Amino acid sequence: MSILLIFDSAQPVYGVILVTAALIALFAYPLLASHGLRHIPGPPLAKLSNVWLSWLSRTSRINTILHEQHKKYGKVVRIAPNHVSIADPAALHAIYGHGSQALKSDFYQAFVQFGGTPSVFSTRSKEEHARKRKFVAHALSMRSVMEYEPTIAQYQRMLVEHWDRICSDAKKTSRGTVGTQSWYSKDGRAWLDIMHWLNFVAFDIIGDLVFGSGFGMVANGSDVVKIAKSQTAALESFDSDKHDLDTDEIPAVKVVLERGDHVATSAFSPAWFRPFLRFFPATNKGRRAMELFGNLAVTAIARRLLTSPDKVDLLSKMVEIKDDGGRTMDGRELAAEATTLLIAGSDTTSNSMCAIIFYLAKYQDIQSILQRELDDVLGSPSASEVYDDHDKVYDRIKNLPFLEAVINEGLRLQSTVGGDKVAMLKAFAPFQIGSRACLGRNLANMEMTMLLATLLHRYHFDLENPAQVLAIYEAIIRKPLECIVGVRRREEVEA
Ligand code: HEM
């Protein structure tokens, strides 16, 4: 429908020629150019055209459907004319390992913003990647990450203060709200959607670590943040004296979700087709979200460049380093990295923590074992003084075997790698492997360990119905959209 709309005002004959050309490009070319993949099984439409994969990316069940295709067709499935999905642990090292010559495909071009400046995540060039990875790896090395512990502790403390108050209010009143977040009281517990709160805390932590200050999400119980109306004005303000930017308010977490949808649609479409997506009204919201998120990142950088933060952050670490030619990162490069870090470092950890707490609430016996392990190190759950001095806790909890096992199991369940234990361990690569493996692994592990230890030591979590299944929205990453659990202070449960 939308393709025809474009030609409304053009000569009909040009319309026919262009539609025919589009159909040839969509169907006949892929059919003729078999890419040497004709023998690989897969859904019939997928062999003919990218339409099947584009449809898949819009279903919000992408991993589930792919898994079904693998069960039907085997370990190797052709999911588009030039795209193969492989579900075989043996392929992991061949594709991603350090010796691999495989490059990222033009799938990643869909992530590029800021006038075509790619980030360490989206660049496809090996040389450019090596240069960028040096800057970001320095900022996220274990040594640097240890300096970020007080920032994590700061937001963790704010979250605990809110939840403590909610738990205590739930004993006196039937419902309440904090910012945009509501809760209700039932069976002596406060029932709340922990997904939103974990989003807020992860966003504030990464915002603070990247830009020197958070977005106020935990403090306000809301994801509404102020951003510059014009991305160009914000970018130009980096090197000028004009710092008064006109601002708008946006719901950042929602914008990230819509942005993710748009990137998925775009990335799964053939590169030549992407410029035409703008003619499809259904993509308007996603494109706008992409732009708004870019504005959010450049606004935060502009604000950060105006102040000299009293603590180290990722930006200051990134500009400490020079490449082999003696150059530091320029403004657009910094904006590209900041945006990547904000996306890569927020949803990923909050989704994983949310799934972990959900499963601990579902499997109460596992929750009890974990709580006993935490009590052994942190003392009785009523000893709340420990939460006033979190800066020193990480060293004590970083090697707890059961907590580590719970986190790994949560990452496995979130990334749906299955099978027997030996096969599972071979296939278990939540942070990927090789030269393009996750650069934020140290930070993610520290953040998840600190938050989960704190929350599980302090609160008991329940599900309203233990048979409940965690509903997951699947786009570029897998995201629980809602996770309502019953929360109460442990000292009360165990008294
Ligand atoms: C549980 C949390 C996390 C998981 C499961 C995770 C997983 C991954 C995976 C699978 C990749 C490879 C993606 C691809 O190439 O398509 C990746 C890349 C990346 N991640 Fe993470 N990540 C997490 C947290 C973080 C955090 C906290 C940060 C930083 C603040 C981060 C920064 C990055 C960066 C910069 C890359 C690109 C690396 C490159 O291409 O060289 N991640 N991550």
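Which residue stands opposite K186 in β5? In this predicted model, the residue is R189. Local features require pLDDT of at least 70 and side-chain atom pairs count only at pLDDT 80 or more, whereas totals for chains, interfaces and linings use all residues. Residues are numbered from 1 along each chain as its sequence is written.

**View 1. The open five-stranded sheet.** The strand order is β3-β4-β5-β11-β8, with antiparallel pairing. β3 (175–178) and β8 form the edges, each pairing on one side only. Neighbouring strands are turned by 30° against each other on average, direction ignored; the axes behind this angle are lines fitted to C-alpha atoms, for helices over the stretch in contact, and angles run from 0 to 180 degrees between N-to-C directions. Strands (E, at least two residues) and helices (H or I, at least four residues) are DSSP runs, numbered from the N terminus. Two strands pair if DSSP finds at least two bridges between them. β4 (residues 181–186) is joined to β5 by four bridges, and the two run antiparallel.

**View 2. Strand β11 and its partners.** Five of the six residues of β11 (residues 484–489) are buried, so this strand is largely enclosed by the rest of the structure. A residue is buried if 20 or more other C-beta atoms lie within 10 Å of its own, exposed if 12 or fewer, and partly exposed in between, with C-beta atoms placed from the backbone. β5 (residues 189–193) pairs with β11 in the antiparallel sense over four bridges, and V485 is the bridge partner of L192. β8 (residues 459–462) also pairs with β11 in the antiparallel sense over four bridges; here Y459 stands opposite R489.

**View 3. The shell around the ligand.** The ligand is surrounded by 22 residues, of which the closest are A344, G345, T348, C438 and G440. A residue is near a molecule if its C-beta atom, placed from the backbone, lies within 6 Å of it. Domain 2 (142–146 + 220–344) and domain 3 (149–200 + 347–494) both contribute to the shell, so the ligand lies between them. The domain bounds come from an automatic or database domain assignment. At least two shell residues come from each of α7 (126–139), α16 (331–344), α17 (347–362) and α22 (441–458).

**View 4. Helix α22 and residue M146.** Of the 18 residues of α22, 15 are buried. M146 lies in helix α8 (residues 142–146) and is exposed, with 12 other C-beta atoms within 10 Å. M146 and L443 are 297 residues apart in sequence, and their C-alpha atoms are 8.5 Å apart in space.
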